[in-house]
Amino acid sequence: MSVVERRQPLAEQVTLLDLVDRVLNKGVVVTGDITLSVADVDLVYVGLRLLLASAATLEREAAR
Amino acid sequence: MIDAAARTAWYVYGVAEDEAAIARLDGVELIRDGRLTAVVREVSLDEYDEAVLPERLNDRDWLERNARAHEDVLQSAAAVTTIVPLRFGAIYRSREQVGQMLDERSDEFLSTLERVRGHVELGVKVWADVQMLERALAAAEEPSAGGAGAAYLQRRRQEQERARELAVLCAQVAEDAHARLSGVASAAVANRPQPRELTGRSEPMLLNGAYLVRDGDDGLRREVERLATEHAARGLEYELTGPWPPHNFAGEPQ
């Protein structure tokens, strides 16, 4: 049977992606004095994507 | 030293009702207003000022450290009481402003606390082995008859048809699984599946669901096991995460 189970709070089992999915994309949005707007949060996703893309590029370059 | 004092602010993690339960949490402070208590930490504006935040968010190590810290505080609080998670990065320049926010949003916080009380959030992802799904579809097709030219055309048609069927099948799997899991949950939400370039897996994610279930209730876990058994031959893998604080159920009811 293919159920993969990952239980918290073993922090290292929570991927950064799952964290971003919840901690940055969900939860109650309040208007703080400094608050990430929804647009900023999308930027986080984009930022993460760029980071991963650049890491992959670096790995490819290192492998040459 | 006035400058140094002005360089800190209050980062709010979440809002709870039972102040006594969270009074012993390490490394955080509490700000109370009426029936509500905010779980906060004093942070340096060198870390969280608007001017530096966008840059910080694109620093993977910083992001990971602080997102985990946010989650850790919420999990510690959730272990002892019901807490409504706030989204990452809610920062106030004074304790009074935190109290004012609690006051202004108190009806909403109280009704959310009521809704999630005694519940946890579980995450379920479904991954597809596309080759296995394609084989299952191909096995169901009629063998081609007629000459070579007709066979070629039929094969082309079948390939196009199969790609279309595959897309339909994937959408249906996600929809069916989500419907069955929703049936054993108090509330449910199907989030956008995480893209392949971020998961780093070759299999596409079909479902990225979150389910609010009673703490200690095994129904959803059992339903996931049933689905996984039924779908194993089609190359579908189920992944269960949690329990999480109710991040996905902290906003307006869906």
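A: Let us start with contact: two residues are in contact if their C-beta atoms, placed from the backbone, lie within 7 Å. This is a predicted model, in which local features need pLDDT of at least 70 and side-chain atom pairs count only at pLDDT 80 or more, while totals for chains, interfaces and linings use all residues. Residues are numbered from 1 along each chain as its sequence is written, and chains are lettered from A and ligands numbered from 1 in the order in which they are written.

Q: Which residues does B:N191 touch, leaving out those up to four places away in sequence?

A: With that exclusion, B:N191 touches A:D21 as well as B:N208, B:G209 and B:A210.

Q: How do I read a helix, and which residues of α11(B) are buried?

A: The expected span of a helix is 1.5 Å times one less than its number of residues. Helix α11 of chain B (residues 219–231) has 13 residues and should therefore span 18 Å, which agrees with the 18 Å between its end C-alpha atoms. In α11(B), the residues B:L220, B:E223, B:V224, B:L227 and B:A228 are buried. Seen down the helix axis, with the arc taken from the directions from that axis to the C-beta atoms, the buried residues of α11(B) fall within 140°, so they line one face of the helix. An α-helix has 3.6 residues a turn, so residues three or four places apart point the same way.

Q: What do the buried residues of α9(B) pack against?

A: The buried residues of α9(B), namely B:A174, B:A177, B:H178 and B:L181, pack against β5 (119–128), β6 (187–191), β7 (205–214) and α11 of chain B.

Q: Which domains does the assignment give for chain B?

A: Domain bounds come from an automatic or database domain assignment, which gives domain 1 (2–117) and domain 2 (120–249) in chain B. The contact between them takes 7 residues from domain 1 of chain B and 5 residues from domain 2 of chain B.

Terms used:
Helix = DSSP H or I, 4+ residues; strand = E, 2+ residues; numbered from the N terminus. Buried ≥ 20, exposed ≤ 12 C-beta atoms within 10 Å, placed from the backbone.
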